[in-house]
Amino acid sequence: MNGIPLINGTEYSWGDIVFSIAGTPVIGITGIEYNDEQEVTDNYGAGRYPVSRSKGRIACNGKISLYVSEVNALVKKTANGRLQDLGAFDIIVSYIPDEGGIVVIDKLRNCQFKKNSRSWSEGDTSKTVDLDLNISHIEWGK
């Protein structure tokens with residue numbers, strides 16, 4: 001023990017996260033990653049150091065890992081079988097601790113899939129598919 005008492009007692013874990021895609025709960029998800037990055041530029045004037053900063057575009061990226069059965073269910077919702085042609089949808093990531101505490105909800109807005117692929121090998125008993133996302137913006141902690 002380092003002599004520092006527990007502050008909150010419990011940290012978020014995978015089992016505390018609830019996902020929904022286009023308003024439908026998803027249980028066949030094994031991973032998610034999302035981020036936003038903003039262009040920040042130093043502006044120079046007299047001297048060697050920046051005199052101000054400017055902010056530019058915000059670019060969002062993400063990917064999810066789903067079991068093939070979940071991907072196939074999404075493909076069935078398309079008119080032509082192309083996952084990339086599924087209309088824009090939101091992904092809601094809710095952090096809901098079992099033991100109470102602060103609930104945090106991140107909203108990935110206007111998502112679309114960038115690709116659809118499968119990869120199997122002999123001996124596979126289940127398979128996940130990594131799907132890259134195009135995200136218009138992220139509402140953090142809403």
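Reader: Let's zoom in on arginine 109: is this residue buried or exposed, and what is its relative accessible area?

Author: Happy to! Keep in mind that this is a predicted model. Arginine 109 has a relative accessible area of 18%, and because the cut-off for buried is under 20%, this residue counts as buried.

Now for its partners. The side chain of arginine 109 forms a salt bridge with that of aspartate 90, at 2.6 Å from N to O. Arginine 109 sits in strand 6 (residues 104–113) and aspartate 90 in strand 5 (residues 89–95), so this pair links parts that are 19 residues apart in sequence. Aspartate 90 itself is partly exposed, at 23% relative accessibility.

Arginine 109 also meets the side chain of glutamate 139 in a salt bridge, here at 3.2 Å from N to O. Glutamate 139 belongs to strand 8 (residues 137–139), so its pairing with arginine 109 in strand 6 ties together parts that are 30 residues apart in sequence. With a relative accessible area of 22%, glutamate 139 is partly exposed.

Another one of them pairs aspartate 42 with arginine 53, at 2.6 Å from N to O. Aspartate 42 is in strand 3 (residues 29–44) and arginine 53 in strand 4 (residues 50–67), so that bridge connects parts eleven residues apart in sequence. Here arginine 53 is exposed, at 61%, while aspartate 42 is partly exposed, at 29%.

Note on methods
Residues are numbered from 1 along each chain as its sequence is written. This is a predicted model: local features need pLDDT of at least 70, side-chain atom pairs count only at pLDDT 80 or more; totals for chains, interfaces and linings use all residues. Side-chain values use heavy atoms; hydrogens and water are left out. A salt bridge is a side-chain nitrogen of Lys or Arg within 4 Å of a carboxyl oxygen of Asp or Glu. Helices (H or I, at least four residues) and strands (E, at least two) are DSSP runs, numbered from the N terminus. Buried means under 20% relative accessible area, exposed over 50%, partly exposed in between (1.4 Å probe, protein chains only).
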